[in-house]
Amino acid sequence: MERRNVDIFGSIDWLTILIVLAIMVCGWFSICGASADLENPDLFSFATRPGKQMVWIICAIVLGAVMLFITENFYNSYAYIVYILLLLLLLVTIFVAKDTKGSRSWLNLGPVSLQPAEFAKFATALALAKFVDRFDFNPQHLGDIVKACAVFVIPMILIVAQNETGSALVYLAFLLVLYREGMTGSVLFLGFCAILFFILEIKFSPVSFGDQPFKLGTWLVLTIIQLLETLMIWLLSKDRSLTFTVLGIGLGGMLIGLAVSLSIIPFKVTLLQVALIVITSAYIVFRALKDMASRYILVAAFAVCSVGYLFSVDYAFNKILQPHQRTRINVILGLEDDPKGAGYNVNQSLIAIGSGGLTGKGFMKGTQTKLKYVPEQDTDFIFCTVGEEQGFKGSVFVLLLYLSLLLRLIFLAERQSSVFGRVYGYSVVCILLFHLFINIGMVLGITPVIGIPLPFFSYGGSSLWGFTILLSVFLRIDCERTTSY
Amino acid sequence: MKNHRFDNRKYVIGILVMTVVLVYVIRLFQIQILDTRYRNSADNNALYYRTVYPTRGVIYDRNGNMIVSNQPSFDVMVVMRNVKNLDTLAFCRSLDITPDFFESRMADIRNVRKNPGYSAYTEQVFLAQLSVSEISDFRENLYRFSGFNITQRQQRKYSYEAAAHLLGDLGEVSRSEIESDGWYTQGDVIGKQGVEKYYESSLRGEKGTEILLKDAYGRIQGSYYNGEYDKEAVPGRNLTLGLDIELQMLGEKLMQNKIGSIVAIEPKTGEILCMVSAPSFNPSELSGRHRGEHYQELSSRADKPLLNRPIQGTYPPGSTFKTSQALTFLQEDIIDTQTRYPCTGGFSFRGLRVGCHNHSSPLALNFAIATSCNGYFCWGYYYMIGAAKYGTPQKALTVWKDYMVDMGFGYTLGVDLPGEARGMIPNSDYYDRHYNRSWNGLTTISNAIGQGEVTLTPLQIANLGATIANRGYYITPHVVRSVEGQDIPDSAFIRHDVNVDRENYEIVVKGMRQSVIDGTCRAANNSDYLVCGKTGTAQNRGADHSVFMGFAPMDDPKIAIAVYVENGGFGAVYGVPIGALMMEQYITGGLSEASRKKVEDYSNRKIDYGEEER
C-alpha cells in the first residue's frame, strides 16, 4: 500500500473552514441573545447555555482538527465497519436510553449525554459512498438503487424507533445524492407527486356540488393523474390515436359525468373517475401487449398506483397519524388558521422575526425571544433570535453564509477524483441543505415544524460534533484528491 | 474511473440550493420589511404577555348540589425588571407585611433554585390568594408601585362544611411538581389531596395568554391586534360525584367526638355515596392564604385528622369478615346449609381456645351468622385448611387467599382517590417465614374471624357489603360519577365477578337478614324496608372497635355500608345504630322524629382516646 504524506495545512480548503467558523460564531452570539438574562450577563460561566456552547465549540474545533489526521484510506477501508458499529449503537440506544419527552435517543455517558443519531449521518454517508464506489454499481439498475437506499433506510428505521421522526427524515436527503450519481429522476418525480397529491387531498375539503358533497381534493388529484397518464403515454408512444383515446375516455368521461351529476342524477363523480382510470389503464395494457411495447405498462401502473396511494393517504392521515401530528400538518397547509393552538409557536416565532425589521433590535436587546414565548429558542428556533436582534440584514447574512458554504461544498465535491469522495461530499451537501431547508422553513412558517437543529448554529454538543465530524472527514478526503482529471 | 454522464446534475443541485435560499430571503423580506404589523410592535418591550388563568371545574354531588365552586382571590404579581424607585415602607404597609418579609420574598423569587421558571421579564407571584379586603389598600396605591400588578384568580368556595378528605384541597405547586409538569409555574395551585388531586388534569383547564401593548413607561395601552393573537383560557371540566352531600353531613355529625369511618356505596353502580373520616375538619380551612398555618396545625394533632381513614386506615374487620368465610366454605364444599358445628362458649381444640358468647349449640350457618358465632367459623376454617383435597395447609391457604383477593381484599380496589391502602391478606409464604413452615389451621385460626394478620380498609368492608348485596359482583368503587364533556374510560369502573355461586350469596344474605331479625343487628331493623347486616367487634390493643356492615333493601339494594368506630366496643353499640340511621336517611330521604333524636344522642357521645399518637 502506498503511503502518501499529505500536507494538510497546505492543501486543506481554508475557505470552508472560515465559513463554518463564522457560522459557529454567529450561532454562539445568537445563543447568548436567546438564553442570557440581561441582569446577569454571565456569558462565560460554564453553568449558562452560552458558556456551555463555548465549551462545545472549542471541543468541536479540537475534534475536527484531530479527525483531519485520519486518512481517506482508513475511511475507505473501514466504512462498513464504522457504519455497522453506529447501527449497533443506534439499536442499543433504543433499549438503554431514558425516555425524555417520549423519545429514546439520548445516551447518558457520565456527565455528558450524546445523541447517536447525530453521528450516524457521517457513518451512513461513508457506507453509501463506499457502496456507490463499487465498480459494478449501476445507478440505472433498480436493484442497485434499492440496495443503496437500504443503506440509509436502515438507520432511518432505527431512529424512528427512537421516536425521533424528525431526525430520521433527514436521511431522505441521500436520495438527492443518488440522483447526482445517476439515479433516474423519476424517483424524485414520484416523490414530488406523492407530496403534491398528499397536500391537495388534505388541503381541499369537500364542497357541496349539486346536492352531493363533492371531494374537491380527490377530484383534483384524480384529474391530475388522468392528465399525467395522457401526457406520459404521448411521450412514450407518440401515438396520436392512442393518446386521444386515453384522453377522451378519461377526461371526456369525467366531464360528461360531471354534467350528468349536476343536471340529472347526482352521483359520486370521483368514483366514476376511478373507474375511468382503471378502464384507460386496462386499455393501455391491452395496447402494450398488442403493440409489444411493454413500457406502456409503466404508465398504467403509475396511474393505478397513484389511485391506490391517494386512498391510502386518506386512511393514513385519519387513522394512523396522531392528532397532534394531524394538527401540525393542517396548520402548515393553512387548513387550521389557529394562532391559539398548534400554530401559536410558529406565530410567536414570526412575531419575533418580524419585529426585527431591517436592522434588528441589537445584540441582547431582543424581547420576544427572551420572554420565553418562542419555544426551543436556542435550539430549533434559534433563527428567531437572529431575525429579532439582527433584523433582515443579519438574517440574510446568515443565509448567505450557508449559501456560500453549500456552493463551496458542491464545488469541492465536484473536484473529487474518486466516486467515493464525490458521493461523500454530496452527502454532506444534501444533509446540510435538508437541515437548512426544514429548520429555517419552519421558523418562517413555510415547512412543517420538524424538530431538527440548524447546523453549526443551534445550541447542543451532539449536533455540533456530529456535523463537525461529517465535514472534517470530507475536508480530509478533499486534501487527498488527485488534481489531475 | 469517473462517469461524466450526469455531470449536468450538479447544476440542478446548485440551483436547488439557491432557490431555497432565495425563497427564504423573499419570505424574510416579506415579514420583516413589508408586513407592518410586526414592525409596529418592534419597540422594545411593547408586548406584554399576561397569563389568563382558567376557571377551575366546579364539583356537584349526585343530586346536583354544587358543593365546590370558586370565588375571586387576588395575587400580587411582580415583573422584576420594571421595579423602580419602590417606596418599600409604603408598599409593606399597604399589604400588611414586614420589610423583612419583603426582602426575603424578593430574594426567593430571584433565586432560580427555588423558582426554576424565573425570568426578570415575566410576571412572578409576589403574594398569592388575597381576599377582596386584603387587597383593597394595595389596589388604591398600585400606581405608586412600578413593576407590581394584581392578577385576579380564584380560590375554592365550599357550600358545605363537609367531605374535606374526599374533596381534597389545593395548594401552591412544589418545585418537583413544576419540574415534572411544565404546565405549572411558581405560584400556581394544584390539587394536593382527594378528588382535587386525582382529577387535577380535568379540573384545571387550559391557561390562556393575553398579549397587551405597553408604552415606554410600562403602562398598558390596550390589546395587541384586538386580541387576535391572544390565547383564550379554557375552563376546567365540572365533576359530578356519586356523593350524597346530605348523607355525608349526617355521617360526619354522627362521628363527632369519635375516630373512625363510614363508607356507603351504591351496589349497582359502585358509586360512593358517602365517605366519612373522623375526626374531620372544615374544607375551607385548607383553602386560601392561611392554608399553610392550618395544615401545620392539623398535621401536628395526635388524632391525625388529615388521614383519610376510609381508604388509608387498615383495620381488623372482625366478624364482618365471617360473611366472606361463609362464602368461601360454601363454595369449597367445606360446609353446606345443614352442617352444624358445636360451640360451647367458643372454640376449644387441642388446648387452643377462641371465646364466644352464649347461644345454643351446635348450630347451622344461618344462625351462626345471625349470632356471629366464633366457634362455627373457627371449625369451618380449621376443616378447610386441614382438608385432604388440598394436600397441605400451604395449598389450602393459597386457595383461601385467592378467594379473599377475588373478593377485593389484600390489594387496592382502584378507587379514584390518591393514597389508597391495600390492607393485608396473609399468604402461605408469610406463615412459612414466621412459623418455619410448620403451621396449620389452628395456628392461623384468627383469620376465620377477621382478626390476627387480616386487615382491611373500611372501603373494602363496604365493598364486601356491596358484593353481597349484588349477590356476587362489585363495580370498582368510585367517587366521581361523570366528568363534563369527557368520557371516563371503561377500565375505571369495571365489573368484577367473584368466583362464588349466586346461591351461596343468597344463603349469606339470609344469614345477614336473620342477624337483623333476631341476632346482633336487631337495632338496625326498620319497618319500611328489609335490612341485612353483620356486626363486628374487632379486638386490638385497646378497647374493641365497633364495626357494622350491611345493606338495604334486601331484594333491591340501594345502599351498602360499613361503619367503623375505633374503640367503640361491641358492634351493636355504635356500628349498628349509626349504620341504621345512615341507611334510613339515604333510603327514605330523611329521618323520622325518633331517629332525629337518636342522631343528637349519638353525635354527642364522646369516646375518650387519651393523648396517644394514633
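This is a tutorial dialogue on reading a predicted two-chain model, chains A and B.

User: What should I know about the model and its numbering?

Analyst: This is a predicted model: local features need pLDDT of at least 70, side-chain atom pairs count only at pLDDT 80 or more, and totals for chains, interfaces and linings use all residues. Residues are numbered from 1 along each chain as its sequence is written, while chains are lettered from A and ligands numbered from 1 in the order in which they are written.

User: How do I read the pLDDT of chain A and chain B?

Analyst: pLDDT is the predictor's confidence in each residue, from 0 to 100. Chain A averages 83, with 86% of the residues at 70 or above. Chain B has a mean of 87, and 94% of its residues reach 70 or more. Over residues 41-45 of chain B the pLDDT is below 50. In chain A, residues 337-342 stay under 50. Where pLDDT is low, the predicted coordinates should not be read in detail. For the complex, the predictor gives an ipTM of 0.81 and a pTM of 0.58.

User: What span is expected of helix α13 of chain A, and which of its residues are buried?

Analyst: The expected span is 1.5 Å times one less than the number of residues. Helix α13 (residues 296-320) has 25 residues and reaches 34 Å from first C-alpha to last, close to the expected 36 Å. An α-helix has 3.6 residues a turn, so residues three or four places apart point the same way. Buried residues in α13(A) include A:Tyr296, A:Val299, A:Ala300, A:Ala303, A:Val307 and A:Leu310.

User: Where does A:Leu444 sit, and what is it in contact with?

Analyst: Two residues are in contact if their C-beta atoms, placed from the backbone, lie within 7 Å. A:Leu444 is in the loop between α17 (419-443) and α18 (461-479) of chain A. With 23 other C-beta atoms within 10 Å, A:Leu444 is buried. Leaving aside its neighbours within four places in sequence, A:Leu444 is in contact with B:Tyr24, B:Arg27 and B:Leu28. The C-alpha atoms of A:Leu444 and A:Cys384, 60 residues apart along the chain, are separated by 8.7 Å.

User: Which residues have the most contacts inside the largest nonpolar core?

Analyst: In soluble globular proteins, nonpolar side chains tend to be buried together. A nonpolar core is a set of buried Ala, Val, Leu, Ile, Met, Phe, Trp, Tyr and Cys residues joined through C-beta atoms within 7 Å. The largest core has 121 residues; those with the most contacts inside it are B:Val195, B:Ile262, B:Ala264, B:Ala462, B:Ile561 and B:Met582. Helix α15 (residues 374-386) of chain B gives the most to this core, with 8 residues. Domain 1 (48-203 + 220-241) and domain 2 (245-281 + 308-480 + 503-604) of chain B both give residues to this core, so it lies between them. Those domain bounds come from an automatic or database domain assignment. Apart from this core lies another, of 102 residues, among them A:Ala34, A:Ala352, A:Leu403 and A:Ala413.

User: What is B:Ala462 in contact with?

Analyst: Beyond its neighbours within four places in sequence, B:Ala462 is in contact with B:Val263, B:Ala264, B:Ile265, B:Ala560, B:Ile561 and B:Ala562.

User: Which peptide bonds are cis, and which residues have a positive phi?

Analyst: Most residues other than glycine have a negative phi, and most peptide bonds are trans. A cis bond joins B:Ala278 and B:Pro279, with omega about 0°. B:Pro279 lies in the loop between β12 (271-278) and α11 (291-299). Another cis bond joins B:Ala552 and B:Pro553, with omega about -15°. B:Pro553 is in the loop between β19 (545-552) and β20 (559-565). For positive phi, take B:Gln129, at about 60°. B:Gln129 is in strand β4 (residues 124-130) and counts as buried, with 21 C-beta neighbours inside 10 Å. Phi of B:Ala163 is also positive, near 60°. B:Ala163 counts as buried, with 29 C-beta neighbours inside 10 Å.

How values were computed
Helices (H or I, at least four residues) and strands (E, at least two) are DSSP runs, numbered from the N terminus. A residue is buried if 20 or more other C-beta atoms lie within 10 Å of its own, exposed if 12 or fewer, and partly exposed in between; C-beta atoms are placed from the backbone.
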